[in-house]
Amino acid sequence: MADCDLCSVSIPTVVPIRVFVPRFKNSYPEGIWKGLCEPCLKAAKETADKMTASSCGTAGKCDLCGAIAQLQPVQISRPSFSKGEEEDTAMLCKNCLVAVQEADKSWQKEKEKEQQEHH
Ligand SMILES: [Zn+2]
Ligand SMILES: [Zn+2]
């Protein structure tokens, strides 16, 4: 089992996404791997697709890489014991949103490959 790094849901497979953590820049110059569940990936990608050069965002700490940056809101739902799930907003920096778009591309490709192999 793996945990989604945004909503912390436990699922068998998360979508791998490579982010650059400023704090680990020296020990991990290539970035580190995080994992998102598909709903979070989709929500983050929607935000990334809507993002334009002029969207300035809100200053704060990125929920994925911990960078202090301009952040864009991503609507997610967290698992909640009382309500099943709970709407929440994750804040991601532009670097992570770009990483999400990349991760989504390769994930879709993986899925296509898998489907073809099963036919
Ligand atoms: Zn998630
Ligand atoms: Zn980030």
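The paragraphs below lead through the fold of one protein chain, from its overall composition to individual residues.

The coordinates are a predicted model, in which local features need pLDDT of at least 70, side-chain atom pairs count only at pLDDT 80 or more, and totals for chains, interfaces and linings use all residues. Residues are numbered from 1 along each chain as its sequence is written, while chains are lettered from A and ligands numbered from 1 in the order in which they are written.

The chain contains two helices and seven strands; helices (H or I, at least four residues) and strands (E, at least two) are DSSP runs, numbered from the N terminus. Read from the N terminus on, the elements follow the order β-β-β-β-α-β-β-β-α. The radius of gyration is 15 Å, close to the 14 Å that the globule rule gives for 119 residues, so the chain is as compact as a globular protein of that length. That radius is taken over C-alpha atoms, and the rule is 2.2 Å times the number of residues to the power 0.38. Along the principal axes, the C-alpha atoms fill a box of roughly 45 × 40 × 30 Å.

Buried residues account for 30% of the 119 residues in the chain. A residue is buried if 20 or more other C-beta atoms lie within 10 Å of its own, exposed if 12 or fewer, and partly exposed in between, with C-beta atoms placed from the backbone. Two residues are in contact if their C-beta atoms, placed in that way, lie within 7 Å. Of the contacts between residues at least 6 apart in sequence, 59% join residues at least 24 apart.

The sheet comes next. Three strands form an open sheet in the order β5-β6-β7, with antiparallel pairing; two strands pair if DSSP finds at least two bridges between them. β5 (58–61) and β7 are the edge strands, each pairing on one side only. From one strand to the next, the twist averages 40°. Antiparallel β5 and β6 are joined by four bridges, and K61 has I68 in β6 as its bridge partner. Both helices pack on this sheet: α1 touches β6 and β7, its direction making about 145° with that of β6, and α2 also touches β6 and β7, its direction making about 110° with that of β7. Here axes are lines fitted to C-alpha atoms, for helices over the stretch in contact, and angles run from 0 to 180 degrees between N-to-C directions.

The largest nonpolar core has 31 residues, of which L36, C40, A44, C62, L92, C96 and V100 touch the most other members. The elements that give two or more residues to this core are β3 (15–19), α1 (38–50), β6 (68–80), β7 (84–93) and α2 (94–118). A nonpolar core is a set of buried Ala, Val, Leu, Ile, Met, Phe, Trp, Tyr and Cys residues joined through C-beta atoms within 7 Å. Leaving aside neighbours within four places in sequence, V100 contacts I17, L41, A44, K45 and A48.

Helix α2 has 25 residues and spans 36 Å from its first C-alpha to its last, close to the 36 Å expected at 1.5 Å a residue; the expected span is 1.5 Å times one less than the number of residues. Its buried residues are C96, L97, A99, V100, A103 and D104, and they pack against β3, α1, β6 and β7. D104 is buried because 20 other C-beta atoms lie within 10 Å. Not counting residues up to four places away in sequence, D104 touches L41 and K45. The C-alpha atoms of D104 and K45 are separated by 7.5 Å, although the two residues are 59 apart along the chain.

P79, in strand β6, counts as partly exposed because it has 14 C-beta neighbours inside 10 Å. Apart from residues up to four places away in sequence, P79 touches C7, V9 and E85. S8 lies in the loop between β1 (2–3) and β2 (10–11) and counts as exposed, with 11 C-beta neighbours inside 10 Å. S8 has a positive phi of about 65° although it is not a glycine. Most residues other than glycine have a negative phi. G66 takes a positive phi near 80° in the hairpin of β5 and β6, which has six residues between the strands.
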